[in-house]
Amino acid sequence: MSAPPSDSQPASRAVPSSVDVVVVGAGFSGMYLLHKLREMNLSAVAFEAGTDVGGTWYWNRYPGARVDVESLAYSYSFSEDLEQEYEWQERYPTQPEILRYARHVADRFDLRRDIFFRTRVNAAAYDEQGRTWRVRTEHGDAVTARFLVMATGCLSASKLPEIPGLDRFAGATYHTAHWPHEGVDFTGLRVGIIGTGSSGVQSIPVIAEQAAQLTVFQRTPAYSLPARNRRLRPDEIAAMKANYRTFRQAQKESGFGVPTPIPTKSALEVSDEERDATFERAWESGSLVNLLTAYADLSIDQAANDTAKRFIHRKIHQIVEDPRTAADLCPEYPVGTKRPCLDTGYYETYNRENVHLVNLRRTPIVEITERGIRTSDQAYEFDVIVYATGFDAMTGALTSVDIRGRGGAPLDEAWSAGPRTYLGISSAGYPNLFMITGPGSPSVLSNMVVSIEQHVDWVTDAIAYLDHQGLTTIEPTQEAEDAWVDHVNLIADATLYPKANSWYMGANVPGKPQVFMPYAGGVGEYRKTCDEIAAQGYKGFALSV
Ligand code: FAD
Ligand code: NAP
């Protein structure tokens, strides 16, 4: 794999022996947490494996990396001054622009002084007598804290594919989530890329423009919509800035953290012409949410969903000239049950002479060789292999830390049949441990900045409540956790989500329990539940002095 990124860093400081709160991770979650904790006059440190802030936007520097939620919506709302002063350039900004924003926030709120970069947290153990967490880093430092908050990200534990011979390839290899900071020049090279999720779909058109040849190895095709990205106009920025408070409130009450009208009609009750016109408007709008919320029953009724599937299949066949390639690019699972993609010229890329699609359903990969990739029917030679093979999502970053709760119980064992949380925020047996956008919360089914802010606010309010009441610990009861897990499953089972082999289900990691991990009840409903629980003195939690 390519050399790890390296940024210049401030000189090393001593890790404090004891703080109120340890935060793990300095992405959007960890950054806002630090700011909030400081406002509460609590002592806090954050540990971050990378060399700078930004999390996702620090690591995923592959060509074409962008958000698929609009910048004016995918941004912090906690500071009106920040909202007003920051100037977004594009509707869907690139990774460098979002990283610039994260750095701006770190500078503006002077966050870096409490962040230890290049520092991975390896272990955390709860001391039942002291009612504290003992957190250990890869450098051998240990810090004691009253509270531990895992802001480690849902999509931060990257994953290589389980293919024999990975180490054999003599050329360069890159994973999209560990892209070198200096970039990669593909000019004149023969490139193979494995993976056609969002990272593959975004990078393939850009790599194709540079490479001599690009061969795409696709196991499962993605549903992708054209982003129709563009520079933002000054008048629309001004209009949003004038209306930001109303917009933010609408985000909080919405289903996906992106305000959209709530659909009332079934896709099956309208004429073909009306339905096609609705889907066409969504396709033209460059917004995934517009497609997913075009009809009330797209996510719950197979026949309704099939109408959207047929519409996108038609689009693919219209764009892609070679009928066999077009057919190979058409997914069969229900639309939206794997994360749909937003692209810039993705399907058009397959009309280029230097791009070739290999359908792994027909001819699976057998091995990586010294020269390239061998499938069941052909050996391909490459200078470079790109792995766009995704993440051990939602649980990977949490269970890779040796977290021990009451009685020394390891978290990964407690979750061996799938993650178990109350509200996706905390887990029984792990007092004073919080997760930001943990499994069992809307997290990856939402505009994540909205969900991150909601969790950070809820967690910091809970800490303030404990301190105000003279209490020391908070921990969900087993009953409350069991009931929440049942509720999360019940809602998921009423949808089509479990019908796809998605990372939402843990299906991309061999041996991982197949459980639908995010909460599919919507951001607004979820927030209401969390607020009610807090208002009832943290119902479902055991609080102790
Ligand atoms: P992260 O940004 O993942 O940050 C977690 C940080 O924790 C990382 O920097 C990691 O290094 C650090 N860390 C983890 N474990 C440890 C440890 N043990 N010790 C020390 N440090 C540790 N969401 C959207 O809503 N809209 C989008 O358009 C969108 N696009 C995305 C594009 C890509 C390529 C990816 C991968 C994700 C995207 N997401 C998107 C999801 C994105 O992850 C969230 O929006 C958000 O950035 C998550 O912030 P976070 O701080 O919670 O986690
Ligand atoms: P991903 O969606 O999990 O896609 C991984 C791809 O690699 C899939 O096509 C998968 O095929 C393939 N793959 C994995 N192992 C393989 C193997 N052994 N052989 C062949 N193919 C293999 O990962 P991602 O693309 O990095 O995206 C993850 C998530 O991050 C997204 O869903 C999204 O939430 C977020 N993201 C968002 C954006 C954005 O547009 N803003 C961009 C990038 C990422 P299978 O499907 O068959 O497993």
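Which residues come nearest to ligand 1? Of the 32 residues around ligand 1 (those with a heavy atom within 4 Å of it), Ser29, Glu48, Thr56, Asp68 and Tyr74 come nearest. The structure is a predicted model, in which local features need pLDDT of at least 70 and side-chain atom pairs count only at pLDDT 80 or more, whereas totals for chains, interfaces and linings use all residues. Residues are numbered from 1 along each chain as its sequence is written, chains are lettered from A and ligands numbered from 1 in the order in which they are written, and side-chain values use heavy atoms, with hydrogens and water left out.

The distance is 2.6 Å for Tyr74, 2.7 Å for Glu48 and 3.0 Å for Trp59. Taken on its own, ligand 1 has 970 Å² of accessible area (Shrake-Rupley method, 1.4 Å probe), and the protein covers 95% of it. Two or more residues of the shell are given by each of the helices α1 (28–39), α2 (56–59) and α14 (448–469), helices being DSSP runs of H or I with at least four residues and strands runs of E with at least two, numbered from the N terminus. The largest share, three residues, comes from α2. By class, the shell around ligand 1 holds 17 nonpolar, 12 polar and three charged residues; Asp, Glu, Lys and Arg count as charged, Ala, Val, Leu, Ile, Met, Phe, Trp, Tyr, Cys and Pro as nonpolar, and the others, Gly among them, as polar.

Ligand 2 is surrounded by 24 residues, the closest being Ser199, Gln202, Arg219, Thr220 and Lys338. A polar side-chain atom of Ser199 lies 2.6 Å from an oxygen atom of ligand 2, and a backbone N or O atom of Ser198 lies 3.0 Å from one. For Ala388, a backbone N or O atom is 3.3 Å from a ligand 2 oxygen. Alone, ligand 2 exposes 910 Å², of which the protein buries 89%. Helix α5 (residues 198–210) gives the most to this shell, with three residues. The shell divides into 10 nonpolar, nine polar and five charged residues.

Helix α7 spans residues 272–285. Its buried residues (under 20% relative accessible area, 1.4 Å probe, protein chains only) are Arg275, Thr278, Phe279, Ala282, Trp283 and Ser285. Their cover includes β10 (224–226), α8 (288–292) and α9 (302–319), by contact between heavy atoms within 4.5 Å. Just after α7, Gly286 takes a positive phi of about 70°.

Terms used
A polar contact is a pair of N or O atoms within 3.5 Å; within protein, one must be able to donate a hydrogen and the other to accept it, and residues adjacent in sequence count only if both atoms are side-chain atoms. The expected span of a helix is 1.5 Å times one less than its number of residues. Buried means under 20% relative accessible area, exposed over 50%, partly exposed in between (1.4 Å probe, protein chains only).
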